[in-house]
Structure formats: structure tokens, C-alpha cells
Amino acid sequence: VSAVGAVATPEQFPGEGRLTGLALGATGAPAVFGGLTPLAAQALVAHTGWPPAPGAMIALVALAVLPVIARAPETRPRASDAQAPQVGIHSAGIGGSEQAQMDQKRP
């Protein structure tokens, strides 16, 4: 989960509000779900008499998250972005034959 969070956090929050967004999610979710889930699970088993009810509850929550994940924007670079001009070399003052020599050295 930590590896996914490390990649997803920069994609979800801009740099200015990233720490606040991460802090609210990292502290709010455990407070709500970590505190209320055992109570809800116990009440569900007591009400239904079905011991696997907490597992079904967790499966339903996981299914409810799927539309959120499906709507998350993809930020992976597209193939068209790979052919964009590189800015750094030309702005450094390298031109003509020097540029051609550098291009030949690239794999």
C-alpha cells in the first residue's frame, strides 16, 4: 500500500496542497474506518447472525471504490509526449556539428 500511495499522492494533489491532502487522508481515513469498522462488523454479525458478514462488508466497500479508481486521471506520459522536442540542449548554446556529434553518441 505504501508504494501505491507514494505514486498516487503526487498525481492527486498539486504541490502546494500535497502535504495537507496527504495528512487529511492519512489521518482521517484510519480515524473513521479504523474506529467504526469493528463496531459496524459486530453490529452486522449480531443483526444477521452470519459470521462472514464483516468480510462481505469489506468486499462491498472495495467494490464501491472501483468507480473512484476508474475515474482517476492517467498521468503516465503518452507516446506523443515522447517525441516532443528536448529544450535543454539547444538553450545551452550547442549547435550544428556539436549537436550532431551528441546525437551520434546517444544509444
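Let's start at I69, which is exposed because its relative accessible area is 55% (exposed means over 50%, buried under 20%, partly exposed in between, with a 1.4 Å probe and protein chains only). This is a predicted model, where local features need pLDDT of at least 70, side-chain atom pairs count only at pLDDT 80 or more, and totals for chains, interfaces and linings use all residues. Residues are numbered from 1 along each chain as its sequence is written, and side-chain values use heavy atoms, with hydrogens and water left out.

I69 sits in helix 3, residues 53–71. Helices here are DSSP runs of H or I with at least four residues, strands are E runs of at least two, and both are numbered from the N terminus. The protein chain has six helices and zero strands.

Together with L60, V61, L63, V65, L66 and V68, I69 makes a nonpolar patch of about 670 Å². For such a patch, residues need over 30% relative accessible area and no salt bridge, and nonpolar side chains are joined within 5 Å.

I69 turns up again at the largest pocket, whose lining counts 22 residues; V4, A8, Q12, V65 and I69 lie nearest its centre. Helix 1 (2–12), helix 2 (18–48) and helix 3 each give two or more residues to that lining. The pocket holds about 810 Å³ of space. A pocket is an open set of points on a 1 Å grid with protein on both sides within 12 Å along at least five of seven lines, and lining residues have an atom within 4 Å of a point. By class, the lining has 14 nonpolar, six polar and two charged residues.

Also in helix 3 is G55, which is partly exposed because its relative accessible area is 47%.

Notes. Patch = residues over 30% accessible without salt bridge, like charges linked within 9 Å, V, L, I, M, F, W, Y side chains within 5 Å. Areas by Shrake-Rupley, 256 points an atom, 1.4 Å probe, with all protein chains shown as cover. Salt bridge = Lys/Arg side-chain N within 4 Å of Asp/Glu carboxyl O. 1 Å grid on protein atoms, 1.4 Å probe; cavity = no way out; pocket = protein on both sides within 12 Å on 5 of 7 lines; lining within 4 Å. Points joined across faces, edges and corners; volume = space filled by probe spheres on them. Nonpolar A, V, L, I, M, F, W, Y, C, P; charged D, E, K, R; others polar.
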